[in-house]
Amino acid sequence: MDQQLDVFVTVAEKKNFSRAAEKLHMTQPAVSQYIKQLEREMNAKLLERTNKMVRLTKAGEAVYHHAREILSLYKRMQTLVDDMMQTASGPLAIGASYTFGEYILPHLIARLRGKYPLIRPTIFIGNTRLVAEKVGGRQLDIGIVEGDVHHSRIYTEPLANDYMVIVVHTGHRLAGRESVSFSDMADETWIVREEGSGTREMTERMFKDHDFRPGSVMEFGSTQVIKESVEAGLGISFLSKWAIRKELALGTLKTLPIECFPFVRQFSLITQDTPFQTKASEVFWDLLHEKITDG
């Protein structure tokens, strides 16, 4: 069955029997035979054929969705068995939300590559919602996110605290104050992340907790762009201290002294809802905890 599914998925993605045959190193008649066998077993027509291409039927779309997951599980099973016989090696798909992925993960990957050169990491950086979806869909082995995660097919573990502060450029009118209130910031332009971002979720929560409505809002999809915008004097923002360590050291950004700040949120480690992890995942997990402990 796994061979039939592999052939079917390849044909569906290539949208052409001959190109699928070429990728699979098979003859076109052999590819056609596998598809016919699968359609007989499913008792449904899975592909609509034309002279130039093929497309999925409604039943085919359902089979394609589950076939990809089945093949992913089969590959993971093989990797787990292989791991029991040898040292940590092989692919490791890691996802991270922007704050962790851009400012912490690169140092962690360098340490991983130095200690375990046979592990082949691939990295996906996206907002918390996207990373959680990909881990739940078994496209990623492990993820590190901020904010709340709601997904029925992942395991979540608290990882570390993240401290968030309100930042301005050093020439800002509030930068030299000994104390700042939210009323002082009522007329400021707030530069925020996009919907689905853990940082955006925390920003909205912070506004709600302090019963504050910003006068003006600008939205960007990258923390780096937000930092550049704050430095340029376009507005103020609410960011992780991890993300602004260099700017604070260089003196290009300044945090505002506000009562009850910094605002604390949590980084979370998310994995697929399975009791089995590859050795590559396990060693990455260990290095991750070491990095967070070391700072």
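## Salt bridges and helix packing: worked exercises

The side chains of Arg-193 and Glu-194 form a salt bridge, with N and O 2.9 Å apart; a salt bridge here is a side-chain nitrogen of Lys or Arg within 4 Å of a carboxyl oxygen of Asp or Glu. This is a predicted model, where local features need pLDDT of at least 70, side-chain atom pairs count only at pLDDT 80 or more, and totals for chains, interfaces and linings use all residues. Residues are numbered from 1 along each chain as its sequence is written, and side-chain values use heavy atoms, with hydrogens and water left out.

**Exercise 1.** Work out whether Arg-193 and Glu-194 are buried or exposed.

Solution. 
- Start with the cut-offs: buried means under 20% relative accessible area, exposed over 50%, and partly exposed in between (1.4 Å probe, protein chains only).
- Arg-193 has 1% relative accessibility, so it counts as buried.
- Glu-194 comes in at 14%, so this residue is buried too.

**Exercise 2.** Describe the pairing of Arg-177 with Asp-184.

Solution. 
- As background, side chains of opposite charge can pair when their charged atoms come close.
- The closest N and O atoms of Arg-177 and Asp-184 are 3.4 Å apart, and the two form a salt bridge.
- Arg-177 is partly exposed, with a relative accessible area of 38%.
- Asp-184 is partly exposed as well, with 23%.
- For the overall tally, the structure holds 14 salt bridges.

**Exercise 3.** Say how α1 and α2 are oriented to each other, and which residues make the contact.

Solution. 
- Two packed helices are described by the angle between their axes and the distance between the axes.
- Helix α1 (residues 2-14) packs on helix α2 (residues 17-24) at about 130 degrees, with axes 8 Å apart. Axes are lines fitted to C-alpha atoms, for helices over the stretch in contact, and angles run from 0 to 180 degrees between N-to-C directions.
- Angles under 35 degrees count as roughly parallel, over 145 as roughly antiparallel, 65 to 115 as roughly perpendicular and the rest as oblique. The α1 and α2 helices are therefore oblique to each other.
- For contact (heavy atoms within 4.5 Å), α1 brings Asp-6, Val-7, Thr-10, Val-11 and Lys-14, and α2 brings Phe-17, Arg-19, Ala-20, Lys-23 and Leu-24.
- Sorted by class, that α1 and α2 contact has five nonpolar, one polar and four charged residues. Ala, Val, Leu, Ile, Met, Phe, Trp, Tyr, Cys and Pro count as nonpolar, Asp, Glu, Lys and Arg as charged, and the others, Gly among them, as polar.

**Exercise 4.** Now do the packing of α2 with α3.

Solution. 
- The angle between α2 and α3 is about 105 degrees, and the axes are 9 Å apart.
- That makes α2 roughly perpendicular to α3.
- Phe-17, Ser-18 and Ala-21 of α2 make the contact with Gln-28, Val-31, Ser-32 and Ile-35 of α3.
- By class, the α2 and α3 contact has four nonpolar, three polar and no charged residues.

**Exercise 5.** Locate Glu-39 and list what it touches.

Solution. 
- Glu-39 belongs to helix α3 (residues 28-42).
- With 13% relative accessibility, Glu-39 is buried.
- Leaving out residues up to four places away in sequence, Glu-39 touches Ala-44, Lys-45, Leu-46, Leu-47 and Arg-49.

Technical notes
Helix = DSSP H or I, 4+ residues; strand = E, 2+ residues; numbered from the N terminus.
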